[in-house]
Amino acid sequence: MHYAKHQLTEETLFKLYKDLLRPRMIEEKMLVLLRQGKISKWFSGIGQEAISVGVVNALNQDEYVLPMHRNLGVFTTRGIPLHRLFAQWQGKMSGFTKGRDRSFHFGTQTYKIVGMISHLGPQLGVADGIALAAKLQHKKTVTAVFTGEGGTSEGDFHEALNIASVWDLPVIFCIENNGYGLSTPTREQYNCKNLVDRAVGYGMESYTINGNHIIEVYTKLKAIAEDIRKNPRPVLIEFKTFRMRGHEEASGTKYVPEELMAEWAKKDPIANYEAFLLDEGILTPEKIEALRIEIDGQINDHLKLAFAEAEVESEEAQELSDVYAPFGEEAIEPGKVVERIRLVDAISNGLRQSMEKHSNLVIMGQDVADYGGVFKITEGFMDAFGKERVRNTPICESGIVSTAMGLSINGMKAVVEMQFADFVSSGFNPVVNYLAKSHYRWGEKADVVIRMPCGGDVGAGPFHSQTNEAWFTKTPGLKVAYPAFPYDAKGLLATAVNDPNPVLFFEHKALYRSVYQNVPTDYYTLPFGKARVLREGTDVSIVTYGAGVHWALATLEKQAHISADLIDLRTLAPLDIEAVYASVEKTGKLIILQEDSLFGGIASDISAMVTENRFTCLDAPIRRVASLETPIPFAKNLEDNYLPKSRFEKALQELLAY
Ligand SMILES: Cc1ncc(C[n+]2csc(CCOP(=O)(O)OP(=O)(O)O)c2C)c(N)n1
């Protein structure tokens, strides 16, 4: 490998060497500890250090970097105290995740590092969001994100690059092509010659860089970063390198041909650079020895600190309290002036007022800008708030949910409109794995609301009618709202936007234009976790939400003699189970009506909780009434039979007669 000084100062050349040596020496130590059984899993970046070190040195300290599992050099070059890294790997308290996640799965705002989740790909979209926030705030910064060549096969890679290109986001996408993804060689991973060739398809600039050559990595990245700061745009870089050890230490490298190993061993980024610095007289054997002793001393001192630290203690209350970011907002009372509007208007109105209140709020979704969204909720928003804050997105739910997370990390708020709730399945991974787990894992909020136009009775078939709230109520870390009335929808949406936690906000399409109410015109909020008792009675408790509320109301109107409590849950996570208990204590009978098919829905859990906690109050078995265990069908007769509204009245009468 040929090196030249490239007008770099001796100081810089020496710093780069020191930055390379530190992760190498830490790794060598870790491999010893691993053999001794003192640490668990280890993903080695030996031989790839020049990429992490070169990239981080080319960035400013206030610019975000999103590393993967082989980028120890990112963490050490950013100057994280080693004992905190060691504590993190040992699952100890002074790490970054209170023992809740392992290895490099953490972020830190102090060092502007956002670590990966295991699923690899979402990371790339998060970088888009961070860069978008920087661009909207007129910060002239770049964001660098890493992926292996294996990770480029994920849809998230395509989505993130496409978004960044369409939106001119200042992101440096760094592919570390190290020959293997676990045991899979590149020829089985992709079928193009070079991965950078894909940049053409995204309309993006690209570079191939020798990833084992620190001066090449550093000088090229520095020039690229400086240029992007002035002229924001994404760049794709393929670093050619090689993975010198197994995927993780236990899995070995039997499948890697020996010649390949030998060939790449000759290209070691540290040995070659060291030889160059020795030639140039910048290093001497004595200087190297002294530096090694210094780093070795640091590693040992910091290891001692980490080993001396006690194991984390498990405190149930503490664990539960960290699932959500703190949010104890006082409700803002509604004003006296009202107007009679539909559910769809109330949501639009509430969202508009949130946009006025929060200048850092961005709305993203398919066709939400000029077109106003397919349900017209954001009609006129683009004119009022501009195209930067009301953003049409390409069709890429996963990439956009990840982008929303990135906006939140970089100080903004996001509302994402799913065109139909059904399509959230294409963005499911970042919702349940990134947003939901972020605060519990590393204390980072996910200030994102996902609006979910949902529900059946609209003749729209299996892919435009689902009510999929149970996919999310199952997942700790998410909040779920499901209003049935305009008044609730407006106030709960305002709260959802204020809440720094991720909220799935369900809006029933069949109610959008059929339910009217007097709704206060001014801004107000309503608290989550508070059900509303709509009717009071003595003989039975009816618990429901969404369209179910209106079906139950219609039934009670028809059967005026029935004396029932009717409870509208309004939010499902948090769930106001106390309201249900209080009602059951009074009536002794409980029927739960849900639009979703029966198995695994919220009705089952409410039934279980009441059985476990209020069994002695019950005078009859609890009834659950729900849709059939089929996908939701299209034809009117089929859909009518699928939905539970025709079965509810009979079930209610049977329960009363019990
Ligand atoms: C969605 C998902 N699928 C599979 C895995 C298992 N897995 C973890 S890392 C990895 C290989 C990644 O290869 P590459 O992106 O090239 O990075 P490298 O490990 O080579 O640095 C695999 C298959 C995962 N973590 N997430």
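Figure 1. A polar backbone atom of Tyr-180 lies 2.8 Å from an oxygen atom of the ligand, a polar contact (N or O atoms within 3.5 Å). The model is predicted, with local features requiring pLDDT of at least 70 and side-chain atom pairs pLDDT 80 or more, whereas totals for chains, interfaces and linings use all residues. Residues are numbered from 1 along each chain as its sequence is written, and side-chain values use heavy atoms, without hydrogens and water.

Figure 2. At Ser-118, a polar backbone atom is 2.7 Å from a nitrogen atom of the ligand. At Gly-150, a backbone N or O atom is 2.8 Å from an oxygen atom of the ligand. The protein buries 69% of the 580 Å² that the ligand exposes when taken alone (Shrake-Rupley areas, 1.4 Å probe).

**Figure 3. The shell around the ligand.** The ligand is surrounded by 14 residues (a heavy atom within 4 Å). The closest are His-69, Arg-70, Ser-118, Gly-150 and Tyr-180. By class, this shell holds 2 nonpolar, 9 polar and 3 charged residues, with Gly counted as polar and Tyr as nonpolar.

**Figure 4. The largest pocket, which holds the ligand.** The ligand sits in the largest pocket (more than half of its atoms within 2 Å of the grid points). A pocket is an open set of points on a 1 Å grid over the protein atoms alone where a 1.4 Å probe fits, with protein on both sides within 12 Å along at least five of seven lines; lining residues have an atom within 4 Å of a point. The volume of the largest pocket is about 340 Å³. Its lining comprises 24 residues, and Met-68, His-69, Arg-70, Leu-120 and His-247 are the closest to its centre. Strands E4 (143–148) and E6 (180–181) each contribute at least two lining residues (strands are DSSP runs of at least two residues, helices of at least four). The lining divides into 6 nonpolar, 12 polar and 6 charged residues.

**Figure 5. The second largest pocket.** This pocket contains about 270 Å³ of space. Among its 16 lining residues, Thr-473, Lys-474, Thr-475, Leu-572 and Ile-602 lie nearest the centre. Helix H18 (470–473), strand E21 (571–573) and helix H23 (602–614) each supply at least two residues of the lining. The largest share, 3 residues, comes from H23. By class, the lining of the second largest pocket has 10 nonpolar, 4 polar and 2 charged residues.

Note on methods:
A polar contact is a pair of N or O atoms within 3.5 Å; within protein, one must be able to donate a hydrogen and the other to accept it, and residues adjacent in sequence count only if both atoms are side-chain atoms. Grid points are joined across faces, edges and corners, and a volume is the space filled by probe spheres set on the points.
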